[in-house]
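Please look over the model shown here.

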Amino acid sequence: TNEFKRLWLWRRCNKLQLKLLIPKRREGESHPSFSNSLNMRYYSIPICLTHRCNLNCIYCYQAHDNHHEMTLDTAKECIQYVFAHIPPESAIEFILFGGEPLLRFDLIKNIFDYTEKIDASQKFRFFASTNGTLLTNEMIQWFLEHKENFVLGLSLDGDKISQNINRPNSFDKIDIEFFRKTWPTQNVKMTVSQKTLGNYAKDVLYLHSLGFGINGGDICLGNHHLNEPSMLSTLACQLAKLIPYYIQSDALYNALLDIDIALCSANRVPFKKHCGIGDTLFFLDTDGTRYPCTMITPMSFNEKTLENISDIDYTNPRNFIDEDCESNCYLFPICKKCSAENLLKTGSYKCWDKERCEMLQLLAVTKSIIEMNRIILDKSSYEEVHLYYLIESIKNIQSRYSDKVALITGYMTEDEKQMYL
């Protein structure tokens, strides 16, 4: 969630003594009262209530079934395990997961009531991500009563057309106003499919028009690949359409463009995992079995693969580095390769999936154009050191990836080229 992300980034920069590399401006965060200490360690603990789901999204990677359900006794054991193994004075976000977690609404209430009664030294709260189609009046009333300690995040892939392409006949079943009003600073989770990639800019602007920032931004193309020329061209066209918007406004978050390109020039930044996989993040399945993250579970991997990774030291970031990328890629400091996706695509955490490299180049070029114009509009919004590295990175990115500059600007009008370049 937004608060966890901000605190993780701040802690990382504080530890590295690189505070000046972070811009002053930042979007509003959810639930700032959750913690007042930047020295506190944060844990995200997904607990899977069910493997069932009421939708059949066209990009879903999970193997859903009807026979994996968590009992209340197992849920209590999971909660007890978490409190017993996470250090005191930490902050915990329990993420109730699925499948679709609202299929187990009674269990959600029971888990919440049980945990609230525990006298724990750790701060905690609850979060669940839902497709939003199962909300009843009873559920709405309960969440309104507990909205300060329980955040419900909506998965929404865009406007009605794109949502119904990805998640058939679901849009009209969602009470979007309920999510907007109840948790006004909570982002939605957006997923892009091959069939909706051509609508990406329109869908982003639609979600922003509702006041939503965007988490995720996963691009799942099925049998297609992101390094295919047609896919890259489609994405470039969509990014070109978003550049004018993001030059004028960064009030709303978009995970896909949340890259601080200044880090590419500030090469003293050591590698850090981009999530807490297996360390500050672990997943508890319906039977209580612990897995490294929400994707690395029996719903996505076979038993042999899960056994092969059981002895990995998840606290050592070197176990997650592709040394070829580290040595040879200018964009390595901003590359947010998903460890689970690397394992799925290459069979190893250390061998990164190269399919998304050209997409990252497109994103870096897009961000360089946006930042270049923001600097022209108001360079005082940047700290001096950050501004120096940012300008260096802009020059280097546009020089190194001139083919991607040409690809994106090819979708601009002549007036836009004169204005933004």
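Predicted model: local features only at pLDDT ≥ 70, side-chain atom pairs only at ≥ 80, totals over all residues.

Residues are numbered from 1 along each chain as its sequence is written, and side-chain values use heavy atoms, with hydrogens and water left out.

**Core.** A nonpolar core is a set of buried Ala, Val, Leu, Ile, Met, Phe, Trp, Tyr and Cys residues joined through side-chain atoms within 4.5 Å. Buried means under 20% relative accessible area, exposed over 50%, and partly exposed in between (1.4 Å probe, protein chains only). The largest such core holds 122 residues. Ile45, Ile47, Phe94, Phe143 and Ile296 have the most contacts inside it. Helix α8 (residues 229–248) gives the most to this core, with 10 residues. Helices (H or I, at least four residues) and strands (E, at least two) are DSSP runs, numbered from the N terminus. Contact means heavy atoms within 4.5 Å. Not counting residues up to four places away in sequence, Ile47 touches residues including Met70, Phe94, Phe97 and Leu284.

**Rings.** Rings of Phe, Tyr and Trp (its six-membered ring) pair if their centres lie within 6.5 Å; planes under 30 degrees apart count as stacked, over 60 as edge-to-face and the rest as tilted. The count is 26 aromatic pairs. Phe83 and Phe124 pair edge-to-face, 5.6 Å centre to centre with 70° between the planes. Phe83 lies in helix α2 (residues 72–85) and Phe124 in strand β3 (residues 123–130), so the pair ties together parts 41 residues apart in sequence. Phe83 is buried at 12% relative accessibility. Phe124 is buried too, at 17%. Ring pairs link a cluster that includes Phe83, Phe124, Trp142 and Trp183.

Charges also sit over rings (NZ of Lys or CZ of Arg within 6 Å of the ring centre and within 35 degrees of the ring normal).

| Charged residue | Ring | Distance to ring centre |
|---|---|---|
| Lys273 | Phe320 | 4.9 Å |
| Arg290 | Phe282 | 3.9 Å |

**Polar residues.** A polar contact is a pair of N or O atoms within 3.5 Å; within protein, one must be able to donate a hydrogen and the other to accept it, and residues adjacent in sequence count only if both atoms are side-chain atoms. Asn131 is buried, at 4% relative accessibility. Its side chain meets that of Asn54 in a polar contact of 3.0 Å. The Ser129 side chain makes a polar contact with the side chain of Ser155 (3.4 Å).
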